[in-house]
Amino acid sequence: MPAPPPLPPARRHALIDRMRRVRLPGLGQSILVPLLAVITALLVGAVIILVSGGNPVRAYEGLYEGSIGCPGALSGDAGIQVTRLVCASSVTDTLITATPFVIAGLAVAFAFKGGLFNIGVEGQLLAGSLATVLVGYKLDGLPAALHITLALAAGIAAGAVYGAIPGLLKAYTGAHEVIVTIMLNYVAGTMTSYLLSGVMKDPRSGAVARTPYIDTAARLPDVWPGPEMLHLGAVFAVLTAIGLWWVLQRTTIGYEVRTVGANPHAARYAGMSVARTVALTMAVAGGLAGMAGAIEVTGVNYYHTPGFSVGYGFDSIAIALLGRAHPVGVIPAALLFGALRGGSSRMQFLTQIPVDIIQVIQALVLLFVAAPAIVRWLYRVRQRPHTVIEERPEPAASV
Amino acid sequence: MLDVIQSMLVVALPAATPLIFGGLSGLFSERSGVVNIAIEGMMLAAAFFGFIVGVRTGNLGLALGGAVVTGMVMASLHAVLSIAFRVDQIISGTVINVLAIGLTGYLDRKLYPSGAPAGQRTLPEIEIPLLSDIPFFGEILFRHGVIVYAAFVAVVVAAVVLYRTRWGLRVRAVGEHPLAAETAGISVYAVRYASVIAGGALAGLGGAYFTLQSIPQFQPLMTNGRGFIALAALIFGKWTPFGVLGAALFFAIAETIPSTLQIQGVHSIALEVAGTTLFDVAIPYQVFGLLPYVLTILVLAGAVGRAVPPAAVGQPYTRKA
């Protein structure tokens, strides 16, 4: 682990100068730095909105309303009855949006643990959704429990196969997983629009390229009845996160994945098959991404359409990094991104600020999380020696 | 048949242009030891801001300058993150890519909610006298936009700089063995900053191709993975300027096959033996469009022999003492 970088000679800003040094115990700091990173990203985002002629306060009010607040409460929209139900619906929106983010974030986090950078979530997720939707609308007359299980299993399997391709290529030919997964994303995107406008197209959908609806038996039930519509996938997401933590920390396979990620040479010396572990890691990561797609199809959309997953790939990387590649840490990170995405359409509706600003904020979060030294320097947070930030284990990347 | 090949090659050279610039951009960055997966983002941002400068000033020279400066600014961010802050270079590149997608998408929609203004001019096309009259090759090689010619000039310049100048030697030394270079009195940081930012300028020219040469318009995500294919061209070209040129042409020809077939009216592949049709399948153009991406994967998987990257690529350098 290299020593922390020498910080540039501090240009002491009067305001910052007055801030006192913050000292926190270990866990506190691993939460504090990401938190400060998010706040800084929102502040820089506000500056960008301001410079481009928008009103950042209104924008963030819209974001708040759309994600956790009550629509109309802040904007004073006349005619909107603010009831508990309406308030709950924006929170539910956030939770529903966050559900695939948790699982997709795990797909990146797990690969990180194995020293691999999975930029292929987008493609793996599409492969999973395609398989799930196919099982969902081709079969009928099955009992719900069986049909749902088959549909989810198909999605996970397809994602795993699609993730195994870069894993095997990396393991046996040395092809770098970053470029291979990016290329596979384009392949999956093109194949999806080809299939969805061709053999998998619903003949009744007219000019719209989409598949038929999946059988009602293949749809995930809601967690509680009523119009709020939080489906069972949210529960699966949390269980998957905990399960993955258990696998990584408490099983032989998890130990091998972490060892190969930390030091492939040591792993080989200890008798582990590095190639097999690399392939397995990518297959599991792909399976998780496929599961995210499967849950989105069976829980929210009930059909598949091109452009369904635009943005999941980069979102999941940001979520994994923000969650420090910790399976459970991914959950709050996914909730944040769920709130940003869920609230952004309300923001655009209220303020005409394009939803794309969310992507800018995301890039900034990624930036400040990846370079914690910037955040520490900005806020004068002293780094404690024993709380070295976990960095991506693989030191050399030949791209 | 010959006219099909000719029409394919006529569009291949312009299609190769962003790949050449992108590949050369990666060449300088990676030969100095800094992995650059941010070429895509640099080109996209340059395409956008170059276009905006062109729309606002009506001056294509300034627009081109705007694109180059944008590429350099994005590259500076990558340089600061990966050299000074020692951020993982792949993650730093991802930051640049996401930032470029978000920023261009946001500003495009914010500034031009009802679509960007059209009707702006593009950089001139030049027919080189006499040479452009050569049969077959004239049209392929000598009737193109200025940026297309510039790409080929850039390959030669890059080769001279890298192999025939003191600075080029330093770049290569720093990328292979930074500690030895530092010991010999070369500033590793300075060389890396200069190389990455010079690479950004090249990526800026690649971005300019999209909005100032190809079409006078900006569309979100219009670089469509060319920056990543350029990176594959760099690897396929074994981190050498002329290797990049050859690989870029290879990918460009693969890219132009489906559209050429379509324009030429080739709609199906049929095999007829002794009067009976054995098969007659319609060509799925969308699937043909995957050719560059699939070829990229095959190339990386070592279909052409293992490529050896610069020894120190991807490793942050910490100055001793």
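The model is predicted.

**Helix 2 of chain B**
- Helix 2 covers residues 39-57, and its 19 residues should span 27 Å at 1.5 Å a residue.
- The end C-alpha atoms of helix 2 lie 26 Å apart, which agrees with that span.

**Helix 1 against helix 11 in chain B**
- Helix 1 (residues 2-31) and helix 11 (residues 241-263) have axes that come within 6 Å.
- These axes cross at roughly 140°.
- The two helices are therefore oblique to each other, since angles over 145 would be needed to count as roughly antiparallel.
- The crossing of helix 1 and helix 11 is right-handed.
- Their contact has 21 nonpolar, four polar and one charged residues.

**Chain B against chain A**
- The contact joins 47 residues of chain B with 42 residues of chain A.
- On the chain B side, helix 3 (60-84), helix 4 (89-111), helix 10 (226-236), helix 12 (285-288) and helix 13 (291-303) each supply at least two residues.
- Helix 4 of chain B gives the most to this side, with 16 residues.
- By class, the side of chain B that touches chain A has 29 nonpolar, 13 polar and five charged residues.

Methods:
Residues numbered from 1 in each chain as written. Chains lettered and ligands numbered in written order. Predicted model: local features only at pLDDT ≥ 70, side-chain atom pairs only at ≥ 80, totals over all residues. Axes fitted to C-alpha atoms, helices over the stretch in contact; angles between N-to-C directions. Helix = DSSP H or I, 4+ residues; strand = E, 2+ residues; numbered from the N terminus. Parallel < 35°, antiparallel > 145°, perpendicular 65-115°, else oblique. Left-handed = near helix turned anticlockwise from the far one by under 90°. Nonpolar A, V, L, I, M, F, W, Y, C, P; charged D, E, K, R; others polar. Expected span 1.5 Å × (residues − 1). Contact = placed C-beta atoms within 7 Å.
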